[in-house]
Amino acid sequence: MKYGINLPNFGPQIDPDGILAWARTAESAGFDNVLLSDHVVLTEDAHGRSPSPFYECLATLSWLAGQTDSIRLGSGVLIGSHRHPAHLAHATATIDRLSGGRLIVGVGVGWTTQAFDVLGVPFDRRGRMTDSTLETLRAAWSSETYGAMGASGTPRRVHTGPLPLQTPHPPLWIGGNGAAALDRTNALGTGWHPLHPTRQQCIDGSRALNDGKEFVPRIFFLPSDASVQSPNRPLGYGSTEQILEDVQFLAELGTETIVLDTDPGDQKLRSSTAHDLELVRYAGDVLGM
């Protein structure tokens, strides 16, 4: 089993030193990857869950590429319609090349209605626009040129270099817990990356994936002193024995990579970056990395 961890690139407790310490601590603890969150604009509806300062995802990944050695770096997840597809393809290919082939690209449709309004992106078309973005990414990553329709209605030829170092392209994980995300994964992605899925969602979703598609769930890592008896206990929340049982459950479904989330959902509960890093190291010990 490989493990990733969600790196909080936002909140009053974080700064550049803290971001770098997170990435390097995860790397030394044996994690396979760190994933960063994404908001192009941080509107009020998102600020309550991911408060400022919010370090831009792609810029931070590029910076971390030069500050780390082996850990994979990724987005968990980029909002597919909030950047021009050509720009997103160029930026991600460049980061993959500069990082030595360590980029993971997670993409989702987004939920912050206020941000869509600020950016002038129609919220009710976000699924179709995300599909179009994914198609552009795959085309731009796979060839030295690809065709694009200009705003004038004239077809244009776009030159792509540098191509990503990874072949055929970086892992393309699709965020979302519903049927649309699963369909999108089977059609355009390489893996399904649901956020805090229930046990039943894991069972149903893993069965719905086509052969060759990865199941990459993001679950909590919130160890408790005693066992949690609630029937609705989220995966990754409970005693260390319960967490290890959750990992075994996911392994039996064919999971090869699990991403951990140490955020209980309320940034006010984070005491300090130093405390967070202790939890990162503890996760490495518990999971035998």
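Author: Two strands count as paired when DSSP finds at least two bridges between them. The model here is predicted.

Reader: What makes strand β11 a partner of β14?

Author: The cut-off is at least two bridges. Strand β11 (residues 218-220) and β14 share three bridges, so they pair, and the sense is parallel. Within this pairing, R218 stands opposite V259 in β14.

Reader: How do you know that β1 pairs with β14?

Author: Count the bridges again. Four join strand β1 (residues 2-7) to β14, and the two strands run parallel. Four meets the cut-off of at least two, so β1 and β14 pair. Here G4 stands opposite V259.

Reader: Why is β14 called mostly covered?

Author: Buried means under 20% relative accessible area. In β14 (residues 257-261), five of the five residues are buried, so the strand is called mostly covered. Both faces are covered. T257, V259 and D261 lie on one side, with I258 and L260 on the other.

Reader: Why are helices α3 and α4 called roughly parallel?

Author: Their axes cross at roughly 15 degrees and come within 10 Å. Angles under 35 degrees count as roughly parallel, so α3 is roughly parallel to α4. The crossing is left-handed.

Reader: Which residues meet there?

Author: L58, L61 and S62 in α3 meet L88, A91, T92 and I95 in α4. By class, the contact has five nonpolar, two polar and no charged residues.

Definitions and conventions:
Residues are numbered from 1 along each chain as its sequence is written. This is a predicted model: local features need pLDDT of at least 70, side-chain atom pairs count only at pLDDT 80 or more; totals for chains, interfaces and linings use all residues. Side-chain values use heavy atoms; hydrogens and water are left out. Axes are lines fitted to C-alpha atoms, for helices over the stretch in contact, and angles run from 0 to 180 degrees between N-to-C directions. Angles under 35 degrees count as roughly parallel, over 145 as roughly antiparallel, 65 to 115 as roughly perpendicular and the rest as oblique. A crossing is left-handed if the near helix is turned anticlockwise from the far one by less than a right angle, and right-handed if clockwise. Contact means heavy atoms within 4.5 Å. Ala, Val, Leu, Ile, Met, Phe, Trp, Tyr, Cys and Pro count as nonpolar, Asp, Glu, Lys and Arg as charged, and the others, Gly among them, as polar. Buried means under 20% relative accessible area, exposed over 50%, partly exposed in between (1.4 Å probe, protein chains only).
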